[in-house]
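Please view the model first.

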Amino acid sequence: MGRDLLTSTFQEKLDNQQKLFVPYIMAGDGGLNILEERITFLEECGASAIELGIPFSDPVADGPTIQEAGKRALENGTTLTNVLETLQDSCQRRFIPIILMTYINPIYTYGIEAFARDCVKSGVDGVIVPDLPLEEEALIVEHFQNHSIALIRLAALTSPEERLNKITERTEGFLYAVSVTGTTGARATHKDEVKEYLQNLKLMTKTPVLAGFGVSNSQQANDLGKYCDGVVVGSKIVDLFHNDKSEEIKKLIEESI
Ligand SMILES: O=P(O)(O)OC[C@@H](O)[C@@H](O)c1c[nH]c2ccccc12
């Protein structure tokens with residue numbers, strides 16, 4: 001469970017010469033009643049873990065596709081509370097690690113300790129909090145540590161070396177290497193400097209490094225995968241589920257791992 005499950009699942013895949021693939025989905029997009037089905041489907045396709053977004057009214061890092069998904073989920077009445085309840089109900093039936101992506105505000109409102117405790121009950125293994133800078137993370141770190149929940153840190157192309165040192169040292173589970181400047185969303189190509197950026201991060205940490213933002217096809221996943229351990233794909237997956245194209249999701253994952 002928790003941080004250790006994330007670490008051992010990733011290590012096992014890497015030992016088998018596989019690349020890691022973490023799809024992002026928005027909880028409650030299409031209704032919370034289909035969440036378990038989507039998670040199972042992604043698990044069967046070969047996903048390494050699921051990044052599950054909690055919809056939020058002010059999603060500053062999200063591009064248009066994820067924002068729209070968030071709006072649909074909020075309209076469906078999705079909240080952090082009912083997502084955790086849904087995950088708890090299906091907890092015994094899944095093996096794939098779950099990572100929650102939520103802004104700090106919903107965690108704060110929920111109560112930090114209560115959130116950490118309920119993550120454990122719901123089988124959540126890691127958390128990404130994109131609007132919580134390193135300087136502020138003391139607010140939550142201890143609570144997560146006590147419950148063995150991984151706090152996954154994000155590196156940016158613009159982070160100075162000395163900041164990258166702290167990020168790579170502190171990250172748990174994996175390092176999320178944001179590989180574009182700007183918000184989430186499919187892009188046609190990545191800048192040349194991304195290659196060096198990923199290689200540099202790989203030298204800085206033994207924790208797996210995953211590239212995310214702007215990956216929308218297996219060609220990009222394979223290209224980036226030469227320099228790191230795998231990819232996170234959000235907008236493309238959200239878009240394909242929304243348009244009922246799950247066969248394409250299967251193909252994308254199979255060709256990327
Ligand atoms: O959508 P993209 O470009 O494939 O990028 C992944 C991203 O959507 C997902 O990891 C994510 C969604 N919202 C975020 C906020 C911050 C960091 C990461 C995220």
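Strands 1 and 9 run parallel and are joined by four bridges. Two strands pair if DSSP finds at least two bridges between them. Helices (H or I, at least four residues) and strands (E, at least two) are DSSP runs, numbered from the N terminus. This is a predicted model: local features need pLDDT of at least 70, side-chain atom pairs count only at pLDDT 80 or more, and totals for chains, interfaces and linings use all residues. Residue numbers start from 1 along each chain as its sequence is written.

**Strand 9 and its partners**

P23 has V233 of strand 9 as its bridge partner. Strand 8 (residues 209-212) is also parallel to strand 9, through three bridges. There, A211 stands opposite V231. From strand 8 the chain passes through helix 10 (residues 218-225) to strand 9, in a right-handed β-α-β crossover. Right-handed means that, with the strands pointing away from the viewer, the path from the first strand over the helix to the second runs clockwise.

| Strand joined to strand 9 | Bridges | Direction |
|---|---|---|
| Strand 1 | four bridges | parallel |
| Strand 8 | three bridges | parallel |

Both faces of strand 9 are covered. G230 and V232 are buried on one side, V231 and V233 on the other. A residue is buried if 20 or more other C-beta atoms lie within 10 Å of its own, exposed if 12 or fewer, and partly exposed in between; C-beta atoms are placed from the backbone.

**Helix 11**

Helix 11 (residues 235-242) is mostly covered, with six of its eight residues buried. These are S235, K236, I237, V238, L240 and F241. They pack against strand 1 (20-26), helix 2 (35-45), helix 3 (64-75), strand 9 (230-233) and helix 12 (246-256). Contact here means C-beta atoms, placed from the backbone, within 7 Å. After helix 11 comes D244, with a positive phi near 60 degrees.

Helix 12 holds L252. L252 counts as buried because it has 23 C-beta neighbours inside 10 Å. Its C-alpha atom is separated by 9.2 Å from that of C45, 207 residues apart along the chain.

**The ligand shell**

Which residues come nearest to the ligand? Of the 19 around it, they are A61, P130, T184, G234 and S235. A residue is near a molecule if its C-beta atom, placed from the backbone, lies within 6 Å of it. Strand 2 (50-53), strand 9 and helix 11 each supply at least two shell residues. The shell divides into nine nonpolar, seven polar and three charged residues. Ala, Val, Leu, Ile, Met, Phe, Trp, Tyr, Cys and Pro count as nonpolar, Asp, Glu, Lys and Arg as charged, and the others, Gly among them, as polar.

Methods:
Two residues are in contact if their C-beta atoms, placed from the backbone, lie within 7 Å.
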